[in-house]
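Trainee: I would like to learn how to read a model of this kind, one feature at a time. Where do we start?

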Amino acid sequence: MSKMNNYIPLSIPCLSGNEKKYVIECLDSNWISSVGSYVDQFEEKFSIYSGYRYAVAVTNGTAALHLSLLALNIGKNDEVFVPSATFIASVNAIRYTGADPVFIDIDPENLGISCFELQNFIDTHYSLIDGQLISKKSGKLARCILPVHLYGHACEIVGLTEIARKYSLHIIEDAAEGVGCRLNGKHVGTFGDIGCFSFNGNKTITTGGGGMVITNQNHLAKKIRHLANQAKCNDFRYHHDDIGYNYRMMNIQAAIGVGQLEHIDEMINKKRVVHQHYEKELAFAKDIHVYNSSTACDSTYWMCLIQVPTELRNKLSSFMMENQIQVRPFWDLIHKFSMYKNFQHSRMENSIYLSNSGLCIPCHQQLTEGEILKIVNKLKEFSKDNFNLPLPA
Ligand SMILES: Cc1ncc(COP(=O)(O)O)c(C=O)c1O
């Protein structure tokens, strides 16, 4: 993901701090594997940064979600409410446990599960029996909401926690894309039982690949750590009391993570500046809408999303790629995929629109002013040629 000629990638990791120094320390000391002081440091520092008491570093964000569901004993005969408009890992993790996803439409104001749609779906399709939500269709028990904070914006998490409380549902927040985003001063991932993060190479902070689970509940943190380490009961003998996983983060990755946390604020601020540029420069570009959340959160703009008329989105996508600017259309909806098409879903109007109109454009910290200008000019050029209306002078 280094810069090649004039090509502008969607994301480039920013490893300009002490990352290299800390990795070399790992190499020099031979502490490169799953135990080491950097894993402890990264967990401690991430816990302080996010505000939840316990943090467990794991191999990736998908493993973080999987472990969280297991820790809450979610499995076969359970249902989990989740958006269809998300990256597939949010949903696959549910299926790994044997539970069924139930897809709920999003709120276009913040891109997360719509409280209105969720409540409506519950009212129509569930019975409340002895305080438990039972699906009229499947007879299964709804156990959890898995909201996703997309692209660095906070979803309507306060409303969702109220719904969860009403029906005794757990909340696992998929904050894989939400590192650094706060709502009313609280970091995303700290509203529900458990928050999950990804440190994949394209994320706001990266450890190459990696993830973190955070919670305020000691018993959940303990169980997650245990399951991530093959459910091994003691350090000396190989005694295991459950089917565990090899989901631990390596010390060498955690070393990068510690380095990243030292300059996270600077990185996020740069992304905010890039987004502001786009908003200002494209304010009058006909039919190109630079997305911003209506929720009063400190969005980090992990990705910058633009929305264009659905019939021209793919054409714009090809045009940008031809001009050496990497873009990515919003994900295809998960409830349409063959392996998920038989699960229940609410109406999906907003998700369908987003999936057909959304396009992510580069929004990383290393974009130069010249590159931003090139992206803006190409978008304006496309707008002028295809949307057929004059641009302001
Ligand atoms: C919303 C969302 N959830 C989960 C994940 C999974 O994270 P990872 O790629 O680290 O497994 C990602 C990341 O790619 C994501 O964007």
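Predicted model: local features only at pLDDT ≥ 70, side-chain atom pairs only at ≥ 80, totals over all residues.

Trainee: Which residues come nearest to the ligand?

Mentor: The shell has 14 residues, and the nearest are Asn-60, Gly-61, Thr-62, Ala-176 and Ser-198. Two helices, H3 (61-71) and H4 (89-96), each contribute at least two residues to the shell.

Trainee: How should I read a helix such as H4? Which of its residues are buried?

Mentor: The general idea comes before the case. An α-helix has 3.6 residues a turn, so residues three or four places apart point the same way. In H4, the buried residues are Ala-89, Ser-90, Val-91, Ala-93 and Ile-94.

Trainee: What do the buried residues of H4 pack against?

Mentor: Their partners are H3, strand S2 (78-83), S3 and strand S7 (170-174).

Trainee: Which residue with a positive phi follows H4?

Mentor: Gly-98 follows H4, and its phi is near 90°.

Trainee: Now the domains. How is the chain divided?

Mentor: Domain 1 covers 19-262 and domain 2 covers 264-386. Taken over C-alpha atoms, their centres are 25 Å apart. To the contact between them, domain 1 gives 38 residues and domain 2 gives 30 residues.

Trainee: Which elements of domain 1 give two or more residues to the side that touches domain 2?

Mentor: They are strand S3 (100-104), helix H5 (115-125), strand S8 (182-183) and helix H8 (251-262). S3 gives the most, with five residues. By class, this side of domain 1 has 18 nonpolar, 10 polar and 10 charged residues.

Trainee: Finally, how do I read a sheet?

Mentor: Strands of a sheet pair through backbone hydrogen bonds, either parallel or antiparallel.

Trainee: How many bridges join S13 to S15?

Mentor: Four bridges link residues 304-307 of S13 to residues 358-361 of S15, and the two strands run antiparallel. As an example, Ile-306 has Leu-359 in S15 as its bridge partner.

Methods:
Residues numbered from 1 in each chain as written. Domains from an automatic or database assignment. Contact = placed C-beta atoms within 7 Å. Nonpolar A, V, L, I, M, F, W, Y, C, P; charged D, E, K, R; others polar. Near = placed C-beta within 6 Å. Buried ≥ 20, exposed ≤ 12 C-beta atoms within 10 Å, placed from the backbone. Pairing = 2+ DSSP bridges.
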